[in-house]
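We will walk through it together, one region at a time.

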Amino acid sequence: MTRTPKISLIKGDGIGIDVAEAALAVTTAALKHSGAVAPNIQEIKAGAGYYAETGMDIEPDGEERAGEADAIFLGAIGLPAIRHKDGTEISPHLRLRDRYQLYAGIRPVKAYPNAPQRLADPRAEGIDMIILRESTEGLFYTAAVHNRAEIVPNVEVRDIMRISRATTEKLHEFAFQLAEKRKERGKSGRLTCVDKANVFTSQAFFRQIFDEVKAAHPTVETSYNYVDAMALDLVRKPWEFDVMVMENMFGDILSDLCGGLVGGMGMAACGEIGDTIGLFQPAHGSAPDIMGQDKANPLAAILSGGLMLDYIGEKAGAGGYENAGALIDKAVDLGFERNALRPMEFGGDMGTKAVTQTVIELLEEVS
């Protein structure tokens with residue numbers, strides 16, 4: 001690759017600033033160990049704090065400039081005390097999803113040794129799966145930031161669950177390809193369609209398109225689960241699942257449930273992929289009550305940074321980027337195996353800076 005990759009950085013609010021800086025430090029170190037060129041990083045101001053100062057939730061031309069990069073990295077956005085007049089949260093990142101059609105929301109869920117295990121069954125130690133959440137339509141299609149709800153003031157509000165063929169075909173194709181890649185890497189590669197096809201016509205359509213795409217991927221083992229049964233199974237037997245594909249709201253809820261299975265939202269990495277760009281962020285909130293206190297668990301952001309490097313390497317052919325992403329995963333794995341990563345979120349003695357520095361030191365060993 002002849003050009004230098006470009007990343008749009010939105011630190012956002014609360015601990016988003018702390019963990020974004022941690023992720024930046026780790027990705028920089030991983031790229032150095034891989035002999036990769038450092039990316040150009042443009043910072044864009046956005047979030048509730050920026051809204052309180054300026055009346056805008058993202059700086060002028062920020063949405064356009066964000067999309068000019070190879071990837072967007074987001075810390076976290078939102079402050080409970082700062083909202084729009086209608087009571088909804090400041091959410092410019094939802095517009096970014098919509099504008100750049102980031103339809104494939106990847107939520108990895110992995111159990112690490114010496115991290116809290118919420119399930120007593122020893123098989124829970126092997127949890128390693130992915131929730132693939134459609135991120136542009138479903139019930140979020142009429143999220144407040146899009147102003148698409150049907151509103152009769154003080155009488156009735158109707159939110160729409162939108163399932164389109166164009167988006168859902170791309171989502172399911174992404175899901176089958178992801179399952180194939182997982183199988184190549186030694187995982188089961190089993191793909192589960194999670195829906196509510198027995199009740200909603202839109203969800204029956206979602207399953208219909210899944211079956212149509214399935215015909216082109218005969219080697220992928222598939223199964224089906226209604227979303228309520230899926231919630232039950234994720235507590236009863238999560239180790240039986242590998243990749244699960246679902247509508248936006250279902251994915252929003254079940255990904256948080258899964259985060260709880262493996263310790264907490266401080267481990268919840270996230271990538272949102274479209275046809276031209278990807279956005280990467282920890283899936284947790286901004287937790288302003290601990291902002292700047294060196295208490296936040298930066299690992300979700302660090303792992304999201306690894307996902308971003310892997311994406312840039314594959315998308316843009318950036319030399320060394322995929323390897324750098326793999327190094328971050330290996331460093332985190334090794335850190336937990338040695339009990340060298342003990343974030344305060346899990347009752348440990350390590351703050352944001354100590355966890356970040358330990359991962360950087362472990363990169364030296366795994367590279």
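Let's begin with Y311, whose contacts include D70, A71, I273, T276, I277, G278, F280 and A316, leaving aside residues up to four places away in sequence. Keep in mind as you look that this is a predicted model. Y311 sits in helix α9. Is Y311 buried or exposed? Its relative accessibility is 13%, and buried means under 20%, so Y311 counts as buried.

Now follow the chain from α9 to helix α10. Helix α9 covers residues 299–316, and it packs with α10 at an angle of about 155°, the two axes being 6 Å apart. Angles over 145 degrees count as roughly antiparallel, and therefore α9 is roughly antiparallel to α10. Their crossing is left-handed. On the α9 side, the residues making the contact include L299, I302, L303 and L309, while those on the α10 side include Y321, A324, G325 and I328. Taken together, the residues of this contact are 10 nonpolar, four polar and four charged.

Which residues of α10 are buried? They are Y321, A324, G325, L327, I328, A331, V332, L334, G335 and F336. Just past the end of α10 you will find N339, which takes a positive phi of about 60°.

Helix α1 (residues 15–33) packs with α10 (residues 321–337) at an angle of about 120°, and their axes are 8 Å apart. At that angle, α1 and α10 are therefore oblique to each other. The crossing of α1 past α10 is right-handed. Here α1 contributes V26, T27, A30, L31 and H33, and α10 contributes Y321, A324, L327 and I328. Seven residues of this contact are nonpolar and two are polar, with no charged ones.

The remaining partner is α11. The axes of α10 and α11 come within 8 Å and cross at roughly 105°, which makes α10 roughly perpendicular to α11. The contact brings together L327, I328, K330, A331, L334 and G335 of α10 with V359, L362, L363, E365 and V366 of α11. These residues divide into eight nonpolar, one polar and two charged.

To finish, let's visit two loops. N114 lies in the loop between β4 (104–110) and β5 (128–134), and it has a positive phi of about 70° although it is not a glycine. How accessible is N114, and what does it count as? Its relative accessibility is 49%, so N114 counts as partly exposed. N154 is found in the loop between β6 (150–152) and β7 (156–158). This residue, also other than glycine, has a positive phi near 60°. N154 has 87% relative accessibility, so it counts as exposed.

Conventions. Residues numbered from 1 in each chain as written. Predicted model: local features only at pLDDT ≥ 70, side-chain atom pairs only at ≥ 80, totals over all residues. Heavy atoms only, no water. Axes fitted to C-alpha atoms, helices over the stretch in contact; angles between N-to-C directions. Helix = DSSP H or I, 4+ residues; strand = E, 2+ residues; numbered from the N terminus. Parallel < 35°, antiparallel > 145°, perpendicular 65-115°, else oblique. Left-handed = near helix turned anticlockwise from the far one by under 90°. Contact = heavy atoms within 4.5 Å. Nonpolar A, V, L, I, M, F, W, Y, C, P; charged D, E, K, R; others polar. Buried < 20%, exposed > 50% of the residue type's maximum accessible area, 1.4 Å probe, protein only.
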